[in-house]
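User: Could you walk me through the aromatic side chains here, starting with any charges that sit over rings?

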Amino acid sequence: MINLIGDAERVLKLNWRNGFTIPTSKLYPFQWNWDSGFISIGHSYFQLDYAIQELESLFSSQWENGMVPHIVFHSENEKTYFPNYDFWESNVNAGAPQRPKSSGITQPAVHGFVLENLLEKFPDNEKLIAFVKAIFPKVVKYHRFLYTYRDPEREGLMFIFHPWESGRDNSPLWDASLDRIVLNEEDLPKYERRDTSLAPSDERPTSYQYDRYVYLLQLGKKYNYDGEGIFEESPFLIQDTLMNVALIKSNQSLINIGKRFGMDVGELEEWQQQSMSRFKEKLWDSSLQTFAAYDLRGGHLVPHKEIGGLAALYAEIPTDEQAEQLNNYLQSLHTRGYYICPSFDVDSPLFDSKRYWRGPVWPQMNWMIYYGLKKYGFEDTARIVKSDLIELATKLGYYEYFESQKSLVENLSAGYGGSDFSWTAACTLDLIKEDS
Ligand code: GLC
């Protein structure tokens, strides 16, 4: 059996780039926003300094409007990635830093809860305390960006205008919104994908989807990535579950941190109260018995069961009764021979246990759901979520994501997507260490 702890250290050090960590070499050679949060937790087990630098370097890319971009291109010589900084052209926005270059969209706001997690691990470490105090206003500014630019009607729920912002790039959740985009050849600039030459194409998004990703990127660019035109024009406009879960969980963590250090948390408390109640009343789909994203353009819930709805457990959003329903659902998947949690509804014709966000198991999602289940006292299911991830990592290695059907894993010797993957190492490690 491989030494999972030693291997996690190896992967995190391998991907460390003198100040920040890449998710994996080749496929993702830069710094990614929400990856960095989980990676920081991983580093803290070996080198707290790395954990701190990881977040510092991410926030060095923060825009004047408060946005923290989804990719930070610390190196401008790395040519194996599309869309690279020259395609994003983030300098269309005067408040985007000249360096490091960045993308023009964001990702789940995990940083507040990551800071609280680090403080729980090292409550008296002076260097960490000084760092948390210094970065706190920047994280609040990021939340203020989300509540200002992404919630123009002041509902308490932020929207996304690109699937990549959700962290769940090609989830079937986005299919109907993407189908609204009817493209003629002249609507798109010429571009060349790089991902399908680095990973098998049946594990990646299709070219139909990719064209629409590029279209939405161009739409964002047209409005300097923060203009009102995005809300008015984007055919893709979604109040996503996971995005709002991360925001709500991080609000709460920032409130807890702020209170400990005597900082003003009034604004955070207002956001939190509104978001929590709006999420509960607007995003529960009683026929599916789960939380669902809301399609602002179409004016309806996105009617699918998937991992973002389950993640609501992590921010303690569900009532006890709703939590029970989510827990029963997870138990039934386990009984039916799935590693929990598959990223999409296994009974849907859109389920694909191999293709990225359409069905595989994702480590950082298991991590959130594990802690969420524990909060509600579902110890047995939490234990399965944890041991499923540990089993997958032991059998297959620290891959980006994993086959979710047990009967298929029996004949596999590898996971899917990139190998030696940073957040897989970090999250698995944290779950192993958590109760030891
Ligand atoms: C993929 C994932 C996204 C992640 C990125 C880097 O785009 O969908 O969630 O942040 O890879 O790992």
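Analyst: A charge sits over a ring if NZ of Lys or CZ of Arg is within 6 Å of the ring centre and within 35 degrees of the ring normal. In this predicted model, where local features need pLDDT of at least 70, side-chain atom pairs need 80 or more and totals use all residues, Lys406 lies over the face of Tyr339, at 5.2 Å from the ring centre. Residues are numbered from 1 along each chain as written, and side-chain values use heavy atoms, without hydrogens or water.

User: And what sits over the ring of Tyr329?

Analyst: That is the charged end of Lys305, which lies 4.5 Å from the centre of the Tyr329 ring.

User: Switching topic, how many aromatic pairs does the structure hold?

Analyst: There are 42 aromatic pairs in the structure, counting Phe, Tyr and Trp (six-membered) rings with centres within 6.5 Å (planes under 30 degrees apart are stacked, over 60 edge-to-face, the rest tilted). One of them joins Trp32 and Tyr81, and because their ring centres are 5.3 Å apart with planes at 80°, the pair is edge-to-face.

User: Why does that pair tie together separate parts?

Analyst: Trp32 belongs to strand β1 (residues 31-32), whereas Tyr81 is in the loop between β2 (71-73) and α4 (85-88), so the pair ties together parts that are 49 residues apart in sequence. Strands are DSSP runs of E, at least two residues, and helices runs of H or I, at least four.

User: Are those two buried or exposed?

Analyst: Both Trp32 and Tyr81 are buried, meaning under 20% relative accessible area with a 1.4 Å probe.

User: What about Trp164 and Tyr213?

Analyst: Their ring centres lie 5.2 Å apart with planes at 55°, so that pair is tilted. Trp164 and Tyr213 are both buried.

Conventions:
Buried < 20%, exposed > 50% of the residue type's maximum accessible area, 1.4 Å probe, protein only.
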